[in-house]
Amino acid sequence: MTEFKFNDTQLSIMQDLEVDVDLNRLEVAIRNNSIEELDDEELLALLKVVNALYRSGFPVVEDSLYDLYREAFASKHPNHPYITSVESEVLSSGKTVALPQKMLSTDKAYSKEEIEKWLDRILKAAEELNIDTKAIEIRVTPKLDGYAAYDDGERLYTRGDGVKGQDVSRAFERGLKVAKNGERGLGAGEIVIDKAYFEANLSQFFENSRNIQAAIIAEKNVDERVLEAINDGACVFYPFALIDDWVGSHVDLIADFENIIDKIWNAVGYDVDGVILEATDSLIKEHMGATRKFHRWQIAFKINDEAAEVEVISVTPQTSRTGRVTPVAELVPTRISGATISRVTVHHYNMVKTNGVGPGAILQIVRSGLVIPKIEKVIKPADPQIPESCPSCQSHLIWESDHLVCPNKSDCPAQTENTLVHFFKTLGNNDGFGPKNIEKLANLGIRH
Ligand SMILES: [Zn+2]
C-alpha cells in the first residue's frame with residue numbers, strides 16, 4: 001500500500017477506458033488516500049479507473065473509499081451522466097447484448113431511522129392501493145458481495161450498465177452450478193465463492209475472491225484451481241430467489257431489527273456487505289416503480305465505517321524486501337468494530353514527518369467491516385519519531401522521495417529474509433519455508 005503503482009494488468013484494463021489524465025497523479029491520490037488535489041476531470045477519471053478495476057477483479061481501493069470519491073464528485077456534479085447512470089461492470093473486451101430484464105443498483109441506508117422512512121413509503125403505497133398494511137410482507141436477504149449476473153435459463157449475462165451486459169454463459173459450460181442445486185433460469189443473482197474454501201485453498205494464489213469471480217467468466221482459459229473450486233461446488237451462481245431470508249411484517253421487523261439484520265447478515269458462508277430489504281407484494285412493487293438507478297421498493301442496509309481516536313505509543317520501523325522502511329505505529333490497544341487494534345501501518349516516513357506521528361500523537365483510525373484498519377487523519381500531532389539507521393543492519397537510512405530506504409542492498413538481513421519470504425509466498429505450496437525458518441536460514445548465512 002505504501003508503494004502503490006498500477007501494475008501491467010491494471011494498466012491494460014485501463015487502456016479501454018480512454019482516460020486522458022496523468023496516471024501518476026491518480027497513483028499519488030490512491031497512495032496518499034487523498035483526492036483534494038485532483039481537478040474534476042482527474043477525479044472523474046479516478047472514479048472510472050477504480051470502478052473498472054473493481055469490476056474486473058483487480059480492486060485498488062476499498063469500496064468505502066470509492067463511495068467517498070463518488071460522493072465528492074456527485075456533490076459538485078449531481079447531474080453528470082457518470083453519477084446518474086448505473087455503474088457499469090466493465091470487462092476488458094467483448095460485445096454487449098441486451099439484458100432480458102433491467103438490473104438496477106440498490107439504494108442504500110445506514111441507520112434504522114432511514115429504514116423506517118423507507119417503510120413509511122411502502123405503507124403509503126399500500127394505503128394508496130387500499131392494501132391492508134398488516135398484510136404487507138418485507139423480505140430480508142444477505143447482500144452478496146460477488147459478481148452480479150442474470151440467468152435467463154439459456155444464457156448468463158453480466159450486469160453491464162444495467163441494460164446491456166455481456167454473455168458469459170461459458171461459466172456454466174465450465175461446470176458452474178446454481179446454489180442449493182437450484183434450477184437454471186431464476187434471474188438475477190451473484191457469482192460467489194465460499195469464504196472458508198477460499199481461505200483454505202485459494203488465498204495463497206489469489207489476492208481476493210474478486211479475482212476468482214473474474215477468472216470464472218474470463219474468455220481465456222480458466223486457472224485450474226478455479227476449475228477445481230467450481231467442481232468442488234465452492235463457486236456457485238446464487239440466484240436471489242433462492243437465498244436464505246427472513247420474511248415478516250414491518251412491525252415485527254422494526255421490533256427485532258438488530259437481531260434480524262445480524263442473523264441474515266451472517267446466514268451464508270459467502271462475502272456479504274449488507275442486507276437487502278424489499279417489499280414482496282407485486283402490486284406495491286409496480287406502484288412504487290423505480291428511479292433510473294434503483295427500485296423504490298428495495299433498499300440495502302449497510303454499516304458505516306467505525307472510527308476511533310487512538311494514542312500512539314511509538315513508531316516502529318520495518319525494513320521491507322525492497323529496502324524501503326515502513327513505519328508502523330504502535331497504539332494504545334483500542335476496540336474498534338469488534339476487534340482490538342494495537343498497531344497500524346503509516347503510509348510512509350514523509351507522512352510521519354509532515355503529520356507529526358510520534359509518541360503521544362492522536363490518530364483517527366477507521367475500520368470498515370472486517371477490513372484492516374487505516375489512519376484517516378492525525379488529530380493531534382506530536383514530535384515525529386524517525387529512525388536514523390536501519391533496524392536490521394544499522395546502515396544509515398536515506399530519503400528517496402516520500403520514503404526512507406536502507407541502502408544496504410547486499411547485506412541487510414531484513415531485506416534478504418523478506419525477499420526469501422516473498423519468493424516462497426509467490427511460489428506457493430512450499431511447506432516449511434515460513435518466516436521463522438527463513439530467519440534461521442538467513443542467520444546461517446544463506447542469502448540466495
Ligand atoms: Zn538494512
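Visitor: So helices here are DSSP runs of H or I, at least four residues each, numbered from the N terminus. What comes after helix 6, and what is its phi like?

Guide: Asn130 follows helix 6, and its phi is positive, near 55°. Keep in mind that this is a predicted model.

Visitor: Which of the residues in helix 6 are buried?

Guide: The buried ones are Ile115, Trp118, Leu119, Ile122, Leu123, Ala125 and Ala126. These residues lie on the same side of helix 6, because they cover an arc of only 155° around the axis.

Visitor: And what sits on the face turned away from that buried side?

Guide: That face of helix 6 carries the exposed residues Glu113, Lys117, Lys124 and Glu127.

Visitor: Changing topic: which protein atoms hold the zinc ion as donors?

Guide: The donors are the SG atoms of Cys390, Cys393, Cys406 and Cys412, at 2.2 to 2.3 Å from the zinc ion. Along the chain they follow the spacing C-x2-C-x12-C-x5-C.

Visitor: Where in the chain are Cys393 and Cys406?

Guide: Cys393 is in the loop between strand 17 (374–380) and strand 18 (398–400). Cys406 is in the loop between strand 19 (403–405) and helix 15 (413–427). The two cysteines are 13 residues apart, and the pair links distant parts of the chain.

Visitor: Is Cys393 buried or exposed?

Guide: Cys393 counts as buried, because its relative accessibility is 18% and the cut-off for buried is under 20%. Cys406 is buried too, with a relative accessible area of 0%.

Visitor: What geometry does the zinc site have?

Guide: The site is tetrahedral, with angles of 99 to 114° among its four donor atoms. In general, the ideal angle for four tetrahedral donors is 109.5 degrees.

Visitor: How many disulfides are there?

Guide: The count comes to zero, taking a disulfide as a pair of cysteine sulfur atoms within 2.5 Å.

Visitor: How do strand 8 and strand 9 run, and how many bridges join them?

Guide: Strand 8 (residues 187–193) and strand 9 (residues 235–239) run antiparallel, joined by five bridges. If you want a spot to look at, Ile193 stands opposite Cys235 in strand 9.

Notes:
Residues numbered from 1 in each chain as written. Predicted model: local features only at pLDDT ≥ 70, side-chain atom pairs only at ≥ 80, totals over all residues. Heavy atoms only, no water. Donors = N, O, S within 2.8 Å, 3.2 Å for Na, K, Ca; no water. Tetrahedral: all angles 85-135°; square planar, octahedral: opposite > 155°, others 65-115°. Buried < 20%, exposed > 50% of the residue type's maximum accessible area, 1.4 Å probe, protein only. Arc of directions from axis to C-beta. Pairing = 2+ DSSP bridges.
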